[in-house]
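User: I'm new to reading protein models. Could you take a close look at one part with me, the end of the chain and whatever packs around it?

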Amino acid sequence: MAKKEFQAESKKLMDMMINSIYTNKEIFLRELISNASDAIDKLYYKSLTDPSVGMNKGDFRILLTRDKDSRTLTISDNGIGMTKEELEQNLGTIAHSGSLDFKKDNKDENIDIIGQFGVGFYSAFMVADKVEIFTKSYKKEAKTVHWSCTGTPEFEMEETDAEHDRGTTIVLHLSEDSLEYAESSKVEELLRKYCRFLPVPIAF
């Protein structure tokens with residue numbers, strides 16, 4: 001896969017999120033599921049005006065899968081998905097909204113910068129040594145895109161011919177001190193705590 005680097009400001013913001021913005025790392029699941037729900041909302045609204053989308057409201061879902069042996073937790077949605085260009089724009093330039101300046105100007109550690117600026121994806125690195133994304137846009141002729149990062153300033157990304165349904169799958173390779181998130185009881189606890197009122201069904 002081709003290697004690329006995050007922009008300088010993005011590197012700083014990513015480091016801040018991993019190490020200091022949230023003291024309670026369990027919110028990663030809330031953020032990732034919220035992003036999945038947003039992706040589904042976008043495709044649902046597309047479907048209202050574009051018959052080629054071919055999905056009804058009842059077709060949408062979010063799926064969580066845990067694998068204790070491989071130490072992974074996977075979140076999948078069948079929402080709008082992303083092209084390679086969209087993925088790089090969304091994940092390679094995460095500070096374009098001015099989040100870093102906002103954080104510098106507001107020293108209150110309780111400010112929910114991730115929720116306000118839509119960069120909650122990076123909370124995944126609080127619990128994972130490596131994060132992989134497999135995504136396929138709803139657009140015709142779209143290819144599957146594979147993105148991978150170990151929390152360093154570099155990430156890898158490529159288009160592949162691998163089969164993938166429309167939508168996005170995020171695979172968290174859990175770190176040694178976060179293996180509790182591969183336990184059914186812990187995942188169920190977080191789903192009840194943070195995700196009970198989402199308008200999208202969640203299967204686990």
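Analyst: Here is a walk from the whole protein down to the end of its chain.

First, a bit of housekeeping. This is a predicted model, in which local features need pLDDT of at least 70 and side-chain atom pairs count only at pLDDT 80 or more, while totals for chains, interfaces and linings use all residues. Residues are numbered from 1 along each chain as its sequence is written, and side-chain values use heavy atoms, with hydrogens and water left out.

Now the overall layout. The protein has 6 helices and 8 strands; helices (H or I, at least four residues) and strands (E, at least two) are DSSP runs, numbered from the N terminus. Read from that end, the order is β-α-α-β-β-α-α-α-β-β-β-β-α-β, with strand β8 covering residues 202-203.

Let's go to that strand. Ile202 lies in β8 and is partly exposed, with a relative accessible area of 27%. On this scale, buried means under 20% relative accessible area, exposed over 50%, and partly exposed in between (1.4 Å probe, protein chains only). What does Ile202 contact, leaving aside its neighbours within four places in sequence? The list is Ile33, Ile62, Leu64, Leu191 and Cys195, where contact means heavy atoms within 4.5 Å. Take Ile33 from that list: Ile202 and Ile33 are 169 residues apart in sequence, yet their C-alpha atoms are 8.9 Å apart in space.

Next comes Phe204, in the segment after β8. Phe204 counts as partly exposed, at 37% relative accessibility. Setting aside neighbours within four places in sequence, Phe204 is in contact with Leu64, Arg66, Ser184, Val187, Glu188 and Leu191.

Helix α6 takes in residues 184-194 and packs against α2 at an angle of about 65°, with the axes 10 Å apart. Here axes are lines fitted to C-alpha atoms, for helices over the stretch in contact, and angles run from 0 to 180 degrees between N-to-C directions. Which residues meet where α2 and α6 touch? From α2 there are Ile27, Leu29, Arg30 and Ile33, and from α6 there are Val187, Leu190, Leu191 and Tyr194. By class, that contact has 7 nonpolar, no polar and 1 charged residues. (Ala, Val, Leu, Ile, Met, Phe, Trp, Tyr, Cys and Pro count as nonpolar, Asp, Glu, Lys and Arg as charged, and the others, Gly among them, as polar.)

Leu29 is one of the residues that touch the most other members in the largest nonpolar core, which has 42 residues. Such a core is a set of buried Ala, Val, Leu, Ile, Met, Phe, Trp, Tyr and Cys residues joined through side-chain atoms within 4.5 Å. Helix α2, residues 27-49, gives the most to this core, with 8 residues.
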